[in-house]
Amino acid sequence: MNKSLRNLLLIFLYLPAVITKAADIGEAPHPGGHHTDSNQLNEITQSEGSPDRKTGAFLTRTSQIDSAIADGGKPLVVDVLGVVCDFCAIALTKVFNQQKEVAASHIDLNKKTLSLVLFANSDLTDEKIADLAVQAGYRISGVRRGVRPTKPTS
Amino acid sequence: MRRSLLAQIFSIVFFSTVEAQSRPISYLGGSTIVEESDRISTSVLTHYTFSPEFSLGLRAEYNRDEHFTIQTIHPTFLIKRWFGDDYQGNLYLYGGLGVANGVKDNYLKNKSTIYGGIMADWETRSLFLSYRSRHLEAGHFGKTFIQAIRFGFTPYLGNTGDLHTWLMVEIDHRAKSKNPATITPMVRFFKDSLLVEIGYNLTETQPLINFTYRL
């Protein structure tokens, strides 16, 4: 392959990554559900130590997650095994979003978690959550509850 | 007689196919549309997932070299899935039962057709390895055994909702072909529910274009 063609191919392959990361940096909060890097970290996203795989899971904040919490929803975080591919993991959000108890959901591949917000007067047991994950083709290793609601972002 | 027939069915089910599907079984109640093309044929499959271990679909395939089509009912079974913090592995068995028809200048009569195969894959956030094979019995349209191995990596890690890009190379083997082994580099893109693969078979100078859409 000649040099020009190779360079063109490399540009073509890396351009999506550049565009994606540039979009993340300049992104303003919008209803699309993309994760937001906000300076206004709340008690859910702060921790006594850095989030790591073992203590894992902090709620991933998106505009939908924030909105559901602001409406009185109950946030919780599910640690999911084998979440290595976005195309496959989308099944989790599809399955959970079908549940009437779920106000918002988001998969975070970096944290290997599923962030959920349940409607204020609803609940899902750990067993039900595990079963729903199985329906999506996954297994969970834990459910974190009892997080306090965030401050409204608006 | 019965023992040899069972052995034949066993070998067909366990040694066959060239489907490169991503997630051949979706979530419970989910549907998927898959279009695939390789150096010999083009196919379309639509399948519905009845359980996390089983999907059933309808598949149509067109053999561009021999000018015949195959229409089948296409079940897929998840035999085993391995979960880790940073990896996932899958082993599937699948088959097909239907009819082959001659088209264009192929005037052979319709013939019942059966195929079966294995798909296996292992992947992390940045590496991918898969194997697949298929044995096809299509009466006077012929019988074939095909297998392929694919390796891929991603030049960057994307998160949920990003455009993901993977660079892959596939080596496939068809013993009865003029070129038994061929190599196909390709690029896989996916975002949300859509996956697209674009490649080029270097040995037979044929393009490859696949897509999968999860409903």
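Tutor: Let's start with a definition: a residue is buried under 20% relative accessible area, exposed over 50%, and partly exposed in between, with a 1.4 Å probe and protein chains only. This is a predicted model, where local features need pLDDT of at least 70, side-chain atom pairs count only at pLDDT 80 or more, and totals for chains, interfaces and linings use all residues. Residues are numbered from 1 along each chain as its sequence is written, chains are lettered from A and ligands numbered from 1 in the order in which they are written, and side-chain values use heavy atoms, with hydrogens and water left out.

Student: Why is B:Asp192 called partly exposed?

Tutor: Its relative accessibility is 36%, which lies between the cut-offs of 20% and 50%, so B:Asp192 counts as partly exposed. You will find B:Asp192 in the loop between strand 10 and strand 11 of chain B; strands are DSSP runs of E with at least two residues, numbered from the N terminus.

Student: What makes B:Thr205 exposed?

Tutor: The relative accessible area of B:Thr205 is 51%. The cut-off is over 50%, so B:Thr205 is exposed.

Student: How do you know whether B:Thr154 is buried or exposed?

Tutor: B:Thr154 has 10% relative accessibility, which is under 20%, so B:Thr154 counts as buried. B:Thr154 lies in the loop between strand 8 (143-153) and strand 9 of chain B. Leaving aside residues up to four places away in sequence, B:Thr154 touches B:Arg125, B:Ser126, B:Thr165 and B:Trp166, where contact means heavy atoms within 4.5 Å.

Student: Why does B:Ser37 count as buried?

Tutor: B:Ser37 has 13% relative accessibility, so B:Ser37 falls under the 20% limit. Its contacts, not counting residues up to four places away in sequence, include B:Arg64 and B:Pro207.

Student: Why is the pair A:Lys112 and B:Asp86 called a salt bridge?

Tutor: A salt bridge needs a side-chain nitrogen of Lys or Arg within 4 Å of a carboxyl oxygen of Asp or Glu. A:Lys112 and B:Asp86 meet at 3.4 Å, N to O, so the pair qualifies. The count between chain B and chain A is one salt bridge, and 14 residue pairs are in polar contact across the interface, both at pLDDT 80 or more.

Student: How many residues does each chain bring to the contact?

Tutor: Chain B brings 38 residues and chain A brings 36 residues.

Conventions. Polar contact = N/O pair within 3.5 Å; in protein donor to acceptor, adjacent residues only side chain to side chain. Helix = DSSP H or I, 4+ residues; strand = E, 2+ residues; numbered from the N terminus.
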